[in-house]
Amino acid sequence: MVKVNNRAGFTLLELIIVISIVTILVGVSTIFFANTLPKGKFNAATRDIMATIRSAKTFALMRGINQTLTIDIDARRYGIDGKGYKEIPPHLSIIVIDPLLNEVTKGQYNFLFYGAGGVDGGDILLSDWKRKTRIHID
């Protein structure tokens with residue numbers, strides 16, 4: 001008489017291989033997402049500053065009165081005067097490139113948007129440890 005063993009299951013070797021593959025996939029995906037998080041924060045901060053610039057320009061044109069966008073580099077904030085301020089994220093470095101003063105790295109800088117159109121001021125240079133972007137005000 002022959003005994004047939006019908007046990008179903010996985011061997012220890014199969015389990016070790018599957019656990020190793022899953023561990024490698026989790027490690028690779030963690031590295032991928034860790035690298036995309038700072039990029040997303042940088043892009044979000046850049047878009048927010050650009051939206052504030054567009055708002056100041058739009059307010060000036062619609063109302064026909066001058067609007068001032070202030071960037072306070074020392075206090076790490078920016079905003080339209082009279083409309084509130086937003087914080088500059090801690091990982092972000094900001095420099096204003098002025099046509100006459102060159103690089104402004106300290107103090108406050110005002111961009112003046114005229115009600116009749118046009119703007120006085122320079123460009124904004126944003127950077128973090130890996131990326132740089134330059135925002136042209138015009």
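The model is predicted, so local features need pLDDT of at least 70 and side-chain atom pairs count only at pLDDT 80 or more, while totals for chains, interfaces and linings use all residues. Residues are numbered from 1 along each chain as its sequence is written, and side-chain values use heavy atoms, with hydrogens and water left out.

Helices (H or I, at least four residues) and strands (E, at least two) are DSSP runs, numbered from the N terminus. Along the sequence, the pattern is α-β-β-β-β-β-β-β-β-β. The protein has 138 residues, and 30% of them are buried. Buried means under 20% relative accessible area, exposed over 50%, and partly exposed in between (1.4 Å probe, protein chains only). Of the contacts with a separation of 6 or more, 55% are between residues 24 or more positions apart. A contact means heavy atoms within 4.5 Å.

Four strands form an open sheet in the order E5-E4-E8-E9, and their pairing is antiparallel. Strand E5 (102–104) and strand E9 (132–135) are the edge strands, each pairing on one side only. From one strand to the next, the twist averages 25 degrees. Axes are lines fitted to C-alpha atoms, for helices over the stretch in contact, and angles run from 0 to 180 degrees between N-to-C directions. Two strands pair if DSSP finds at least two bridges between them. Strands of a sheet pair through backbone hydrogen bonds, either parallel or antiparallel. Strand E8 (residues 123–127) runs antiparallel to E9, and four bridges join the two. Ile124 stands opposite Ile135 in E9.

Asp123 also belongs to strand E8. Its relative accessibility is 15%, so Asp123 counts as buried. Two polar contacts of its side chain are described here. One reaches the side chain of Arg134, at 3.2 Å. Another, of 2.9 Å, joins the side chains of Asp123 and His136. A polar contact is a pair of N or O atoms within 3.5 Å; within protein, one must be able to donate a hydrogen and the other to accept it, and residues adjacent in sequence count only if both atoms are side-chain atoms. Beyond its neighbours within four places in sequence, Asp123 is in contact with Ile95, Val96, Ile97, Arg134, Ile135, His136 and Ile137.

Val119 lies in strand E7 (residues 119–120). Val119 is buried because its relative accessibility is 18%. Residues up to four places away in sequence aside, Val119 touches Leu112, Phe113, Tyr114, Ile137 and Asp138. Val119 and Thr68 are 51 residues apart in sequence, and their C-alpha atoms are 9.6 Å apart in space.

The structure holds one aromatic pair. The ring centres of Tyr109 and Phe111 are 4.9 Å apart and the planes lie at 65 degrees, so the pair is edge-to-face. Rings of Phe, Tyr and Trp (its six-membered ring) pair if their centres lie within 6.5 Å; planes under 30 degrees apart count as stacked, over 60 as edge-to-face and the rest as tilted. Tyr109 is buried, at a relative accessible area of 7%. Phe111 is buried too, at 0% relative accessibility.

Charged groups also sit over rings. The charged end of Arg77 is over the ring of Tyr85, 4.0 Å from its centre. Lys83 lies over the face of Phe59, 5.2 Å from the ring centre. A charge sits over a ring if NZ of Lys or CZ of Arg is within 6 Å of the ring centre and within 35 degrees of the ring normal.
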